[in-house]
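My entries follow the order in which I checked things.

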Amino acid sequence: MHNGRRSPPVAKTPVFGALRVPWRGNIHAPSPSAGRLQLQATAHPPPAFVHSPTLVTLAGLLAALVTSVLYAVWYFNKNIPGLRLWMLSFLSASVFCASLLVRDYVPEWLSVMLTQSTIAAAAYLCFLGSRAYLGRAHPPHVVAVAVIVAVMGMAVYFTVVHPHMGIRFALAGLVAGVYFLLTAHTLARGGFHNVPVRYLFAVVSGLHGVFLLVRPLLFRLVAPGTVEDADAGMVALLSQFVVLEATLSLVLMAFGALMLTNEHITRELRHLAEVDPLTNVFNRRAFLTLLEKAISNAQRTQSGLPVLVIDLDHFKKINDTWGHQSGDEVLRHFVALANGCLRKEDVMGRLGGEEFAIFLPNASSEGSQAVAERLRALVAHHPAMTGRGPIALTVSIGVTQYGGGETSDFVLQRADEAMYRAKERGRNRVETLSPPGTGVGVLLV
Ligand SMILES: Nc1nc2c(ncn2[C@@H]2O[C@H](COP(=O)(O)OP(=O)(O)OP(=O)(O)O)[C@@H](O)[C@H]2O)c(=O)[nH]1
């Protein structure tokens, strides 16, 4: 009863989030214990631009479908970072949708616990997935569990002990809103340059997080406190918009997760195609492609492009004496030393076996000879610390410059010639061969 009028029969009012909203038709009369957001019955049914139960069912089915797709991708490639956690996040979202649909058939406290825990878990797992995707460690789970349990406890308290719809509604979006915002923040800090699809995930997650946090305020605006003030039609429209927004966010985040997964697989395939698995430098094909590009750039800008070819001395003997595995360790040791004396823009590749090449964009002829000599000395003075003890090592290095109008094969061949000259002249030395017409080779060591 209210205002002396008889209240109409209480309609079955399915719900979304913590707020009971009308799927269709009128909002039922307030009960004294139900908090301030429940509204008086209206003479006219509020307009329904979407049928909320259908939309929640569709969202649930979609979340379940995305869960299955992510599971299938994860099953065949368990190394994709974050994928398992995103899959679990969409699973939680499916359970959340299911719990919304059954909440009129289970006790209210159970329904509150189910919806609160599943939406919070979905957001937390989404956040963990983003951290894992970027190779970051997860924060201690105990913090999230404690927060979720505390919020769930409060929600049950404001449902059963001291019913207050407004507080319950605010609590419903709190944990999820914060974790979706943290997801956006994590992805944004990971940088977008190489992975523009992170924009989609970060923006959708951020907007959804903000919406979850401001949602109670929007309801407060259309239902400002007293039953008389409330515009039932507006509340119904807003409720339907809430369902629509959640469904749209789900779809876009599903796209985001799948696109990030695809992007990771593409990056991995490119890595496998371009990088030598033993030493983690470019393989011959990728190095030659990059050298070709660097040559056309040097031609355009009229800048220098020194090229070094390096061969490990008596490597067969190392293999024969210490075993193939120690030989591999020696190769990795050499690459680590070489990386230590190169600039960021210098490019190293493994041409095959124990032969490597490096090009140094924008370096002068003198600069490249200095680099080659530094590398030679570094290798000679730093034995490889292998599992079978220290192994002494030397290298022979050939240096040349791009000579204008030459192909990459031609430049590389001249650097190779210089390297063989270093071998002939006793190894552990650097030889330079200048491009034709620019002078004779210079013996450095
Ligand atoms: N451990 C290991 N050995 C390799 C790999 N690739 C090639 N080799 C070995 O490298 C050795 C190269 O030997 P050679 O071409 O005779 O050259 P070298 O012994 O270094 O002699 P010089 O070049 O004349 O100083 C061969 O024994 C190859 O089997 C690899 O990936 N790992």
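Predicted model: local features only at pLDDT ≥ 70, side-chain atom pairs only at ≥ 80, totals over all residues.

Entry 1. I looked up the pair formed by helix H9 (residues 315-322) and helix H10 (residues 324-340), whose axes lie 6 Å apart at an angle of about 135 degrees. H9 and H10 are therefore oblique to each other. On the H9 side I listed Phe315, Ile318, Asn319 and Trp322, which meet His324, Ser326, Gly327, Val330 and Leu331 of H10. Sorted by class, the residues of this contact of H9 with H10 are five nonpolar and four polar, with no charged residue.

Entry 2. I then turned to helix H8 (residues 284-301) and helix H12 (residues 408-424), which pack at about 105 degrees with their axes 9 Å apart. That angle makes H8 roughly perpendicular to H12. From H8, I found Phe287, Leu288, Leu291, Glu292 and Ile295 meeting Ser408, Val411 and Leu412 of H12. The contact of H8 with H12 holds six nonpolar residues, one polar and one charged.

Entry 3. Which residues make the nonpolar surface patch of about 680 Å²? I recorded Leu91, Val95, Trp109, Leu110, Leu114, Tyr157, Val160 and Val161. At least two residues of the nonpolar patch come from each of helix H2 (83-101), helix H3 (108-133) and helix H4 (141-161), and I placed Trp109 in helix H3.

Key. Residues numbered from 1 in each chain as written. Heavy atoms only, no water. Axes fitted to C-alpha atoms, helices over the stretch in contact; angles between N-to-C directions. Helix = DSSP H or I, 4+ residues; strand = E, 2+ residues; numbered from the N terminus. Parallel < 35°, antiparallel > 145°, perpendicular 65-115°, else oblique. Contact = heavy atoms within 4.5 Å. Nonpolar A, V, L, I, M, F, W, Y, C, P; charged D, E, K, R; others polar. Patch = residues over 30% accessible without salt bridge, like charges linked within 9 Å, V, L, I, M, F, W, Y side chains within 5 Å. Areas by Shrake-Rupley, 256 points an atom, 1.4 Å probe, with all protein chains shown as cover. Salt bridge = Lys/Arg side-chain N within 4 Å of Asp/Glu carboxyl O.
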